[in-house]
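Colleague: I want to learn how to read a model like this one. Can you take me through it feature by feature?

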Amino acid sequence: MNEMPPKNIVLIGFMGSGKSSIGRELSHILNYPLVDTDHLIVKRTGHSIPEIFASEGETAFRDHESAVLQALLDEKKERQIIATGGGIIERPENRLLLRQLGYVVWLIVSPEEILRRTSRNRDRPLLNNDNPEDTVRTLLDHRIPLYKESAHEEIETDSLTFPEIATGIIESGRYFFSLL
Ligand code: S3P
């Protein structure tokens, strides 16, 4: 049985997959507010993501992600774009929460493009090491089935522009919500 999720669009995908940029595009076109789970964590803790990883560790960061998803669900808001951190799908309970929050879209991007985009800044603790390429490939192998399990829709983004991706998401989102 399918229970109707609220009319939010939830963007998931690896670091550098364009969740924030496409989120901004969707927010602009639909005039829905954009919320970002990383920003919510920074706001509620008063610390940056690298600070949280350094002082509390990854497990604590994942706890913050679960708490933020649960808080979003409890708010019962609709018509929002929700951009998420790339590892939000690591926890089984988060994968369920994501699907309860709205229409979940997985932005698929190649490892080459991920490396190109993420090499521009050093604010991603998991990639701040001697061999980010190896880390990206290992994490992708582990996470691809988890993104797949969480998503209502998958989009291969490498050959598309952000506006093209946003338009596609809006069309398929309308279809999804009218079908449910
Ligand atoms: C992470 C992705 C980051 C951020 C944190 C951990 C991950 O978000 O949540 O650095 O585990 O993939 P972005 O996907 O927005 O970079």
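Modeller: Start with Asp38, where a polar side-chain atom lies 2.8 Å from an oxygen atom of the ligand. Know what you are looking at: this is a predicted model, in which local features need pLDDT of at least 70 and side-chain atom pairs pLDDT 80 or more, while totals for chains, interfaces and linings use all residues. Residues are numbered from 1 along each chain as its sequence is written, and side-chain values use heavy atoms, without hydrogens or water.

Colleague: How far is Lys19 from an oxygen atom of the ligand?

Modeller: A polar contact is a pair of N or O atoms within 3.5 Å; within protein, one must be able to donate a hydrogen and the other to accept it, and residues adjacent in sequence count only if both atoms are side-chain atoms. A polar side-chain atom of Lys19 lies 2.5 Å from a ligand oxygen. Gly86 uses its backbone: an N or O atom there lies 2.8 Å from an oxygen of the ligand. The protein covers 94% of the 390 Å² of accessible area that the ligand has on its own. Such areas come from the Shrake-Rupley method with a 1.4 Å probe; for residues, only the protein chains shown count as cover.

Colleague: Is Asn94 buried or exposed?

Modeller: Buried means under 20% relative accessible area, exposed over 50%, partly exposed in between (1.4 Å probe, protein chains only). Asn94 sits in helix H5 (residues 92-101). Asn94 counts as buried because its relative accessibility is 0%. Its side chain makes a polar contact of 2.8 Å with the side chain of Ser66. The Asn94 side chain also reaches the backbone oxygen of Ile88, at 3.1 Å.

Colleague: And where is Leu97?

Modeller: Leu97 is in helix H5 too. At 8% relative accessibility, Leu97 is buried. Its C-alpha atom is 7.6 Å from that of Leu73, 24 residues away along the chain. Now try a loop residue. Met15 lies between strand E1 (9-12) and helix H1 (19-30). Met15 is buried, at 9%. The C-alpha atoms of Met15 and Thr118 are 7.2 Å apart, with the two residues 103 apart along the chain.

Colleague: What is phi of Lys76?

Modeller: Most residues other than glycine have a negative phi. Phi of Lys76 is near 55°, a positive value. Lys76 is in the loop between H4 and strand E3 (81-83). Lys76 is exposed, with a relative accessible area of 72%. Arg79 lies in the loop between H4 and E3. Phi of Arg79 is near 55° and positive. At 43%, Arg79 counts as partly exposed.

Key: Helices (H or I, at least four residues) and strands (E, at least two) are DSSP runs, numbered from the N terminus.
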